[in-house]
Amino acid sequence: MSGPVRSDAPGASEVSETFEFQKALREAFWAALVALGLFGLIVGLKTDQTLSNEIVLKPRPGLLAAMVGAVFIGSLLRNWVVWNRARAAMHRTASGSRIDMQKVEQIGLPAFIAFLSVFPVIVIFTAGWGSVPKWVDNFGILILIYIMLGWGLNIVVGLAGLLDLGYVAFYAIGSYTYALLALHFGFNFWLALPVAGAMAAMWGILLGFPVLRLRGDYLAIVTLAFGEIIYLVALNWRDFTGGGAGLSAPRIDFFGIPFGAGDTDFSARFGLEHSPAYRTIFLYYVILVLALTTAWVTLRLKRLPVGRAWEALREDEIACRAVGMNTTNTKLTAFAIGAMFGGFAGAFFGARQAFITPESFVFEQSALILAIVVLGGAGSLVGVVLAAIVLIGGSEILRELEFLKPVIGEDPSKFRMLIVGGGMVLMMLWRPRGLIAARAPSIFLKERKMIGSENVKEGHG
C-alpha cells in the first residue's frame, strides 16, 4: 500500500507501518506551490498611498515566504498525523474511543459551567477591576453569546439535521423586537425578553412551512435567502427599523435599579463606589443564565419524544415517513425552538450594545455560527463550547498580540478570518465530523453505547 491511508477510507483494512516520507514531501511541495499562487498577489503585495496620493505596490516577500513555508510544513504534518491515526486505529478497540467521548460529554460540560461561574472573580483577583471590561466583556460575554447561538442552531442542525444558513435572521428579530418594544411601549429588558423569543419562534415557524419538502442544498439556499431578506428589510425600512442609522435601545438594569451615576443607581443603593464594571459583571451572569437555560432545555428535549423524533429525522427522513412520523410538526418544532433561543440572544445583544444596526446581522454572522456548530461536532454541546472558544476567543486574542506587528508589518487582527478559514480547512481534513465526533442516542436498549465517527459513513448520519 502506498502513502498514508485514512482508517475510515472505503476498503482500507491495513496501513503501512512505515511513513512514506518521499510521497508526503512531494504532496507538501505541490501544496506550497498552490499556496504561492493563491497568496502571491493577496499577501505578497501591499497597496500603499504616497504623499502625492499615488497608489504604489510594496512587496512583502518575508510574509509570503512565511505563509508558504507554513503550508509546506502543515502538509507534512497532516500526512504524518493521518498516517499515525490510521495506524493507531488498527490497534485500538472501538469501545475505547467511545468511553473517552462519553467522559468528555459527562465531565466536560459541568467543569466548563463551574469555571464560567467564577470567571469574573478570577479576573478581578488576578488582573484587577480595571480589566473587567476587557476580559469579562470582550471575551466572556462575547463568547457566551456565540455559545448560546451555537446551542440554539445545534437544535436545528445537530439534532434535526436541517441545514440553516440564515440563523442570524432570528438573532436580528430578537434585537429589533427588544429595541422597538422599549422605544415605543416602554418595555424593559425583562418584559421584552419573552416577547423577543416568541417573535423569533413565530418567524421560525413561518420559515419552516415553505421548506417542509426541501432538503440539503435547496434548504440551505432558502434559509440563506430568508436571512438576506431580514437584513435588507432592516436596512431599507427606515421608518420602522431606522435603516442604516440604527436604533437606540435602553441598557439593561438590575431588576428595576439602573446602573448609572445618580443617587438611585445600583452603586448608591448598595453603598458601593460607582463603577461601570458592575453592569458588565451583571450582563455576564445574565447571558450565562440564558446560555445554561438553552443547554438545559436542549438536554431535556433530547430525552422527550420530540427530541427522539429530531434524531430519527436526522438519521433517515424516508424511514421516518415510512413508520408514520409527522415530519411536518417535527421540522416546525425544531425551527421554532432553535429560533426562540436566537431571539433571546438577540434581545440580550440589544441590551448590551444599546444600539442596533443591520450591519450586526450580515451573512458572515450566520456562517460563523454554523461553523461553530459544524467544527464543534453537530449534536454535541461540549463541542460547540470548544469551537466557540477557539473561533471567537482566538479571533479576539489576536488583537492582543502586539509582538507580531514587527514580524508581519500589520495588525494581527486583520488576519483573524484567514486563520479561522485555515483552521476550518484543517478540521474538515482531520476531523470531518467535528471536535467531538460522537453521538449518544437518547434512547437505547440494555446497554448505552456511543456512536464513533469511524462507524458512520459521511452523508449517512
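Is Arg314 buried or exposed? At 18% relative accessibility, Arg314 counts as buried, because the cut-off for that label is under 20%. Keep in mind that this is a predicted model.

I'll start with the salt bridges. Searching the whole structure turns up four of them. One joins the side chains of Arg314 and Glu315, with N to O at 3.0 Å.

Next, Glu317. This residue pairs with Arg321 in a salt bridge, and the closest N and O atoms are 3.0 Å apart. Both residues sit in helix α13, residues 317-322, and the four-residue spacing is about one turn of the helix. Glu317 is buried, with a relative accessible area of 10%, while Arg321 is partly exposed at 46%.

Glu317 also forms a salt bridge with Lys331, where the closest N and O atoms are 3.1 Å apart. Lys331 belongs to helix α14, residues 327-353, and Glu317 to helix α13, so this pair ties together parts that are 14 residues apart in sequence. Lys331 is buried, at 2% relative accessibility. Through shared partners, Glu317, Arg321 and Lys331 make up one salt-bridge network.

Now the nonpolar side. The largest nonpolar core has 100 residues, and Trp151, Phe189 and Phe348 have the most contacts inside it. Helix α5, residues 132-159, gives the most to this core, with 17 residues. Leaving aside residues up to four places away in sequence, Trp151 touches several others, among them Leu109, Ala291, Leu292, Leu381 and Val385. There is also a second, separate core of nine residues, including Val43, Leu63, Met67 and Phe415.

Methods:
Residues are numbered from 1 along each chain as its sequence is written. This is a predicted model: local features need pLDDT of at least 70, side-chain atom pairs count only at pLDDT 80 or more; totals for chains, interfaces and linings use all residues. Side-chain values use heavy atoms; hydrogens and water are left out. A nonpolar core is a set of buried Ala, Val, Leu, Ile, Met, Phe, Trp, Tyr and Cys residues joined through side-chain atoms within 4.5 Å. Buried means under 20% relative accessible area, exposed over 50%, partly exposed in between (1.4 Å probe, protein chains only). Helices (H or I, at least four residues) and strands (E, at least two) are DSSP runs, numbered from the N terminus. Contact means heavy atoms within 4.5 Å. A salt bridge is a side-chain nitrogen of Lys or Arg within 4 Å of a carboxyl oxygen of Asp or Glu.
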